[in-house]
Amino acid sequence: MTSNKIPVTVLSGYLGSGKTTVLNHVLNHRHGLKIAVIVNDLSEVNIDASLIKEGGGLSRIDEKLVEMSNGCICCTLREDLLVEVEKLAKENRFDYILIESTGVGEPVPVAQTFSYMDEEQGIDLSQLCRLDCMVTVVDAYRFWHDFSSGESLLERNQAVGEDDTRDVVDLLIDQIEFCDVLLLNKCDMLADDELDELEGVLRKLQPRAKLIRTVDGKVEPLDILNTGLFDFEEASRSAGWIKEMETPVHTPETEEYGISSFVYERVKPFHPQRLMGWMEEWPAEIVRAKGTIWLASRNDIGQSLSQAGPSIQFGPAGHWLAALPREEREALLSEEPEAVENWDDRYGDRINKVVFIGIDLERERLIAELDACLLTEGEMLQDWSRLPDPLPGAEQMGSTGAVL
Ligand SMILES: Nc1nc2c(ncn2[C@@H]2O[C@H](COP(=O)(O)OP(=O)(O)OP(=O)(O)O)[C@@H](O)[C@H]2O)c(=O)[nH]1
């Protein structure tokens, strides 16, 4: 690296996955680097004090809930992190900063802290540091249990506050879908074929990251230090569902362990009640679904669907370009050649496009079931705004439905 910015690696991963174990291992094998360690205040600090003494440093900071621009509630170390990292970087004593994020924290806001100027505090960490690698530690033993538990952090007494409504599975997915390296830890606790299947699923959820199996956090330190792997744009687009959206054709039969994915795509709206009925009987073999839904009863506004295990989120995502006034629409279209390319003569950009990732997916059956939830030819000719709409977010919609 030519710059003298201090490199930073961030360890994320759910509570108990093995972050501190990885940290201790790396400090024990640090190739002579002077490493400053930042941990969150809630984690029990089991970090070997003797490892920090020789030229290293240890800081503790506090976590906090924030609302992201997309309305999601996230837990982040942001404020304290800014101040602490700035201080450490300016001390000029360290070669590296290693951060153990909170087990209930999402990685995106941490990465943003390093990528953008903070207006409030006037700190621009990107001038002082270089975010080198986002690492997510996954507990191989607990993964399926946590993924399918249906529990919230509040139910587990792990919430950051009373208004922390996040589900455990959503946190797991956020951590997996945004990283450069996935450490599949506690591999000693699973049989080989179980590990192979889990690795297959993780690779499908996160195809870009380097996946490394570990026992007791024993990773080669240079696999997570000075890697040069982090890139904000790339990390933001690295989730398996995004890759699947971008790659048109797939051959699920060839997948090992029955892990497969496909995109459901139709230029015809869903009947809200029938779609609701289908979603209520959500097929267990779908591990992850994500995409955009065109609901006949909400013809102006596209809906977003995001599912991971038993957690299903559904609600308004934004106006269809086709529903905007002509001038606004044309201005936006000139910036989005892709939308022009896929423009439907009659319905514009309205579309149902959802990625499904799962194990032993019966693709044809699922497609037939979803097709049966679309409007029939007869319903296409009726007034869509009168359709009963029991799906979440309906109260925010006016009755604007109309065929173009
Ligand atoms: N069997 C087994 N146990 C492990 C492994 N790695 C870590 N552990 C144990 O798992 C427990 C949790 O590990 P930690 O490193 O404290 O996990 P953490 O992610 O830092 O936990 P929080 O700070 O609570 O978020 C400890 O008892 C570790 O000894 C492993 O590969 N196999």
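Modeller: The shell around the ligand divides into 3 nonpolar, 11 polar and 4 charged residues; here Ala, Val, Leu, Ile, Met, Phe, Trp, Tyr, Cys and Pro count as nonpolar, Asp, Glu, Lys and Arg as charged, and the others, Gly among them, as polar. There are 18 residues around the ligand, and Gly18, Lys19, Thr20, Thr21 and Gly103 come nearest; a residue is near a molecule if its C-beta atom, placed from the backbone, lies within 6 Å of it. Helix H1, residues 19–28, gives the most to this shell, with 3 residues.

The model is predicted, so local features need pLDDT of at least 70 and side-chain atom pairs count only at pLDDT 80 or more, while totals for chains, interfaces and linings use all residues. Residues are numbered from 1 along each chain as its sequence is written. The average pLDDT of the protein is 86, and 85% of the residues score at least 70; pLDDT is the predictor's confidence in each residue, from 0 to 100. Over residues 396–404 pLDDT stays under 50, and the model has 20 contacts beyond four places in sequence for them; two residues are in contact if their C-beta atoms, placed from the backbone, lie within 7 Å. The scores of the model are ipTM 0.98 and pTM 0.86.

As for the overall fold, the protein has 14 helices and 14 strands, which are DSSP runs numbered from the N terminus (helices: H or I, at least four residues; strands: E, at least two). Among contacts between residues at least 6 apart in sequence, 74% join residues at least 24 apart. Of the 404 residues, 38% count as buried; a residue is buried if 20 or more other C-beta atoms lie within 10 Å of its own, exposed if 12 or fewer, and partly exposed in between.

The largest nonpolar core has 85 residues, of which Ile97, Met134, Val135, Val138, Val181, Leu182 and Leu183 touch the most other members. Such a core is a set of buried Ala, Val, Leu, Ile, Met, Phe, Trp, Tyr and Cys residues joined through C-beta atoms within 7 Å. Its largest share, 7 residues, comes from strand E7, residues 129–139. Leaving aside neighbours within four places in sequence, leucine 183 is in contact with Val22, Val135, Val137, Val138, Ile212, Thr214 and Val219.

The domain assignment gives domain 1 (6–238) and domain 2 (242–396), with bounds from an automatic or database assignment. Their contact takes 15 residues from domain 1 and 13 residues from domain 2. On the side of domain 1 that touches domain 2, two or more residues come from each of helix H5 (143–148), helix H6 (168–177) and helix H7 (192–205). H7 gives the most to that side, with 6 residues. By class, the side has 6 nonpolar, 3 polar and 6 charged residues.

Asparagine 226, in the loop between strand E9 (210–213) and helix H8 (232–236), has a positive phi of about 50° although it is not a glycine. Asparagine 226 counts as partly exposed because it has 17 C-beta neighbours inside 10 Å. Aspartate 360, in the loop between strand E14 (352–359) and helix H13 (363–371), has a positive phi near 55° and is likewise a residue other than glycine. With 12 other C-beta atoms within 10 Å, aspartate 360 is exposed.
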